[in-house]
Amino acid sequence: MLRRLFLLLALVIPNVLSAQNHAMDPSMGQASTSPEAQSVPGISPDGKGGFTVQGNIAAQSVNSVVNAASFSDPDWGAKINHALKTLPASGGEIYVPALPSCIQYSTPIVLSGKAVVLKGSGPASCLQYMGTAAAVTFERIGSVAYVSSAFGAGIQDITIEGPSATPTSSTTSVGLSLNNVAGFVAHRIQIIQLGTGITFGNNAFIVDFHDSSIRANYVAMSFPASLSNSGENMTFQHVTFSNGAASDGTSTGANCVIINSPSWTETSEWNFTDDSFDGCQVVLGSNKAMQVRFINPHFEDGQNTLNYPFVKMTADVSGNIAQFINPEFFVDAQTITANSFIELNGYSKANVVNPGAFAYGGTSTPGAWFHTQGAGKATLTFTNPAGFASNFIKAIPVWSTDGINDAAVYQVPASNTVSKSVSEDGTLVLAMANNLTGTYAITWPNAASRFQTMIVQVGATDYARSATLNVLGNYAYEDNAVIDDVRMVLSSNVPQLIATIDNRNGTTGPITVQWIGDGVYTPRLLPAVAAGTTPVATKGFIEDSSGNVTVSGNVGAGNGSNVVYRCTSAGTLPVGALTISMSACGASSDTGLRVK
């Protein structure tokens, strides 16, 4: 115990004397009489067997935490590399203090072979790399022989900065390079003004970035296609990738996040959750059956003109897969000439759920939400276009193609199901909407010798005065129909699909109505409202529960088959025609049915 105390005193006393001399220096002026100013650095017993220290403790290493400032190397990169050598084989922490200005250095920082955490005190712990290689490299840590190696290397609360606010295509510097590293964690870091913000080497996997900013680099992040055994479970949560400097001559931010996963092996799996891509296009290459997942992403251009899609996917026959869950496309540009928000080239595959688009002030719109192009067969799946929220003045088409790509586009049908008990006979509103278009599956459950199921198909327009109504299937157990006379009416110019409920035999259902449609119009099912009284003229086939079919409207067909048709001119019938009345057409307006 005494030996430890002496060591602690040896570390602290120089600082204490320095602080006391500083306080007694007449050049510093009159000392303050406030209690805070009167506190004197030093050590005092705490009455509990320990000590209280007032002031800073200057030490090179305490509990495997090394202060890089304590080394005499003239360059801070050399200081940090020197600090690594003093840590045990199991690793530890290298501390970078916060200083009034960013620390300039030219020696690349290489943290190799030990599970070390490079840690600062926040954004003011800033390292400005003036060289042309990688500013900070982590390598050979818990990867090749990861079963027996330690995970846990990382970087935290530090800013890595390049020398130029406007890096160009010739800027070769890299902010952070991960090579032969597994189990790496980056937390609250900033990487700015370098050629490439983050890049990877072989055997880099299980990587976690969160609460960080990768901005104002020529390329924010690059994952090359030539890597081996890299890319498993790469996670980025609450990270901003922004202000890419790459330009195609019109817009900046092109090719900002590049994931060119190796097409010859299924090793790359990326997860982006609650991340922002501002002025930063995402480019995805071939990735076979592994996925890139975007959950609640924010895509924004941040410029006056935008001529590229926010996401560009390109794949050969091995394909790639991207999942977009609740993406938001935020357009600042006054002029947008991009063909889409998401572009699928070749054999790319994308699944999109609940996207939204917001125009900040511009009046132009992209060609479509999604666009497929180039030789190949892209696959696009999306759900419920009615949920494609947008404040654009002009409606955005859902999908477009160049006519070359043999795309497969799947829209998951929007659907809704409602059940409701019915205790009284009478008229029941099955559905209500400005447009009732869709297919309705209507069911009365099996009880007391009552069971019925029917399929009703409706085609209508807003405030329809006429519509198509087909009852395509209608089965009732032992012909005991409960749901009858399905029809359309208007209630204050709003179309309703209604039916008569009777013959319940004491049962109360519940009746179930399921609607399946294109999602453009989603009706209210079984609403608790009164039925309208204005009838809507309908055409179609109506099958009752006995199997009888009633046709409303005219039925016609051309010659050459056994069909039912109506006359279109007076006087004659086609040769070989057999009429019900065995007579020729009486007039051009004759609607008598004749069988050929």
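**View 1. Asp-485 is partly exposed, at 43% relative accessibility, and forms a salt bridge with Arg-487.** Buried here means under 20% relative accessible area, exposed over 50%, and partly exposed in between (1.4 Å probe, protein chains only). The N to O distance of the pair is 3.1 Å; a salt bridge requires a side-chain nitrogen of Lys or Arg within 4 Å of a carboxyl oxygen of Asp or Glu. Arg-487 is also partly exposed, with a relative accessible area of 23%. The model is predicted: local features need pLDDT of at least 70, side-chain atom pairs count only at pLDDT 80 or more, and totals for chains, interfaces and linings use all residues. Residues are numbered from 1 along each chain as its sequence is written, and side-chain values use heavy atoms, with hydrogens and water left out.

**View 2. A salt bridge joins Asp-157 and Arg-188 at 2.6 Å, N to O.** Asp-157 lies in the loop between strand S11 (154–156) and strand S12 (159–161), and Arg-188 in the loop between S13 and strand S14 (190–192), so the pair ties together parts 31 residues apart in sequence. Strands (E, at least two residues) and helices (H or I, at least four) are DSSP runs, numbered from the N terminus. Asp-157 is buried, at 9% relative accessible area, whereas Arg-188 is partly exposed, at 40%.

**View 3. Arg-293 and Glu-269 meet in a salt bridge of 3.3 Å, N to O.** Arg-293 sits in strand S23 (residues 291–295) and Glu-269 in the loop between strand S19 (257–259) and strand S20 (270–273), 24 residues apart. Arg-293 is partly exposed, with a relative accessible area of 25%; Glu-269 is buried, at 19%.

**View 4. The largest nonpolar core has 89 residues.** Such a core is a set of buried Ala, Val, Leu, Ile, Met, Phe, Trp, Tyr and Cys residues joined through side-chain atoms within 4.5 Å. Strand S13 (residues 174–187) gives the most to this core, with 5 residues. Leu-118 is among the residues with the most contacts inside the core. Beyond its neighbours within four places in sequence, Leu-118 is in contact (heavy atoms within 4.5 Å) with residues including Ile-80, Val-136 and Phe-138.

**View 5. An open sheet of 5 antiparallel strands has the order S44-S37-S42-S41-S45.** Two strands pair if DSSP finds at least two bridges between them. The edge strands, S44 (524–525) and S45 (534–535), each pair on one side only. S37 (residues 426–432) and S42 (residues 494–501) share 6 bridges; Thr-500 in S42 is the bridge partner of Thr-427.
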